[in-house]
Amino acid sequence: MKYNEISHFSHPQHILKFEYTEFPFKCDGCKEIGIGSRYSCAACNFDLHSHCAIPSATISHPFYPKCSFQFMSRPPTENGPRYCNACEKDVTGFVYHCRACGFDLHPCCAKLPMVLDDGEVKLYLYRKVSASCHKCGKKGRSWSYRSSCKRYNLHVACVREMLVESWHDIYVGLGKGGGSSGGGGARRGLPTRIPSLKDTLQTPHNRGKSKKKKCCEMAGLALQFVISAVLGDPTTLIAGVIGSLMSRA
């Protein structure tokens with residue numbers, strides 16, 4: 001459910017307003033990167049993912065049918081540092097926690113769509129996949145998105161790593177694609193506002209040039225979908241990504 005304005009326990013001094021942004025932000029709830037839909041206090045530079053702003057008290061998840069995950073404003077302190085069972089990254093803020101099993105999920109990871117589908121690429125979320133990841137070339141690790149054709153497999157953990165590695169380039173606009181002007185002008189130089197796909201896909205190809213190009217583009221498109229979903233808004237940037245791919249054809 002979407003509200004234009006909300007009050008929130010984590011920022012009681014001001015009303016948070018719903019807005020949509022094409023630029024990345026850091027969520028003050030779960031402490032993870034976001035893009036697209038958010039609730040924001042412009043006066044305090046305070047932002048929340050929609051999933052963090054309007055959480056469910058408890059949730060269940062198909063991957064853990066025996067678990068009941070409770071929303072918590074801070075991770076449990078027992079048993080040392082916590083990590084998300086979906087993306088393997090540290091949990092430092094808002095979290096869904098199962099007391100019985102000890103499992104933790106970032107709010108955005110907990111709400112990752114089981115299927116991403118734009119009519120051309122369809123990706124299914126799996127808890128474990130035996131195939132190698134297109135990004136790291138390894139098996140196992142975290143949850144993965146896998147295409148229906150089974151050619152493309154992407155670890156949610158790898159996507160998280162790409163976002164962390166590229167955060168400064170995306171947000172400040174000082175990367176190779178951002179020019180040297182800094183700030184908003186530099187960010188406008190980034191056509192999709194998310195990490196470059198160049199040299200990120202490791203799976204080798206033994207095909208002709210045209211087929212190789214198409215395969216790489218489809219893998220890139222799959223990666224963009226997963227990035228958008230991990231950022232908390234699976235509908236974000238889809239049109240822009242398709243346009244970018246078409247312009248390179």
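This is a predicted model: local features need pLDDT of at least 70, side-chain atom pairs count only at pLDDT 80 or more; totals for chains, interfaces and linings use all residues.
**View 1**
Cys87 is buried, with a relative accessible area of 0%. A search of the whole structure finds 0 disulfides. Cys87 takes part in none, and the nearest cysteine sulfur, belonging to Cys84, is 3.9 Å away. Cys109 is likewise in no disulfide, and its nearest cysteine sulfur, again that of Cys84, lies 3.9 Å away. With a relative accessible area of 1%, Cys109 is buried.

**View 2. The salt bridge of Arg82 and Asp104.**
Arg82 and Asp104 form a salt bridge in which the closest N and O atoms are 2.8 Å apart. The pair connects distant parts of the chain, with Arg82 in strand 7 (residues 82-83) and Asp104 in strand 10 (residues 104-105), 22 residues apart. Both partners, Arg82 and Asp104, are buried. The whole structure contains 3 salt bridges according to the search.

**View 3. The open sheet of strands 1-2-3-4.**
Here 4 strands make an open sheet in the order 1-2-3-4, with antiparallel pairing. Strand 1 (5-6) and strand 4 are the edges; each has a single partner strand, so one side of each has no neighbour in the sheet. Strand 2 and strand 3 run antiparallel and are joined by 7 bridges. Lys17 is placed opposite Ser40 of strand 3. Between strand 3 (residues 33-41) and strand 4, the antiparallel pairing extends over 4 bridges. Strands of a sheet pair through backbone hydrogen bonds, in either the parallel or the antiparallel sense.

**View 4. The hairpin of strand 3 and strand 4.**
Strand 3 and strand 4 form a hairpin with 4 residues between them. In the turn, Asn45 has a positive phi of about 55 degrees. Arg38 has His49 of strand 4 as its bridge partner. Strand 4 (residues 46-49) is covered on both faces. Phe46 and Leu48 are buried on one side, while Asp47 and His49 are buried on the other.

**View 5. The salt-bridge network of Glu19, Arg38 and Asp47.**
Salt bridges link Glu19, Arg38 and Asp47 in a network. The side chains of Glu19 and Arg38 meet in a salt bridge at 2.5 Å, N to O. Glu19 belongs to strand 2 (residues 16-26) and Arg38 to strand 3, so this pair ties together parts that are 19 residues apart in sequence. Arg38 also forms a salt bridge with Asp47, where the closest N and O atoms are 3.3 Å apart. The relative accessibility of Arg38 is 14%, and Arg38 therefore counts as buried. Asp47 is buried as well. Glu19, by contrast, counts as partly exposed because its relative accessibility is 30%. Side chains of opposite charge can pair when their charged atoms come close.

**View 6. The open sheet of strands 11-12-13-14.**
Another set of 4 strands forms an open sheet in the order 11-12-13-14, and the pairing is antiparallel. Strand 11 and strand 14 (153-155) are the edge strands, each pairing on one side only. From one strand to the next, the twist averages 20 degrees. Strand 12 (residues 122-126) and strand 13 (residues 144-147) run antiparallel and are joined by 4 bridges. Tyr126 stands opposite Ser144, a residue of strand 13.

**View 7. The nonpolar surface patch around Val115.**
Met114, Val115, Tyr124 and Tyr126 make a nonpolar surface patch of about 310 Å². Val115 lies in strand 11 (residues 115-117). Val115 counts as partly exposed because its relative accessibility is 39%. Tyr126, another member of the patch, is the residue that stands opposite Ser144 in strand 13.

Terms used: Residues are numbered from 1 along each chain as its sequence is written. Side-chain values use heavy atoms; hydrogens and water are left out. Patches are made of residues with over 30% relative accessible area and no salt bridge: like charges are joined within 9 Å, nonpolar side chains (Val, Leu, Ile, Met, Phe, Trp, Tyr) within 5 Å. Accessible areas come from the Shrake-Rupley method with a 1.4 Å probe; for residues, only the protein chains shown count as cover. A salt bridge is a side-chain nitrogen of Lys or Arg within 4 Å of a carboxyl oxygen of Asp or Glu. Helices (H or I, at least four residues) and strands (E, at least two) are DSSP runs, numbered from the N terminus. Buried means under 20% relative accessible area, exposed over 50%, partly exposed in between (1.4 Å probe, protein chains only). Two strands pair if DSSP finds at least two bridges between them. Axes are lines fitted to C-alpha atoms, for helices over the stretch in contact, and angles run from 0 to 180 degrees between N-to-C directions. A disulfide is a pair of cysteine sulfur atoms within 2.5 Å.
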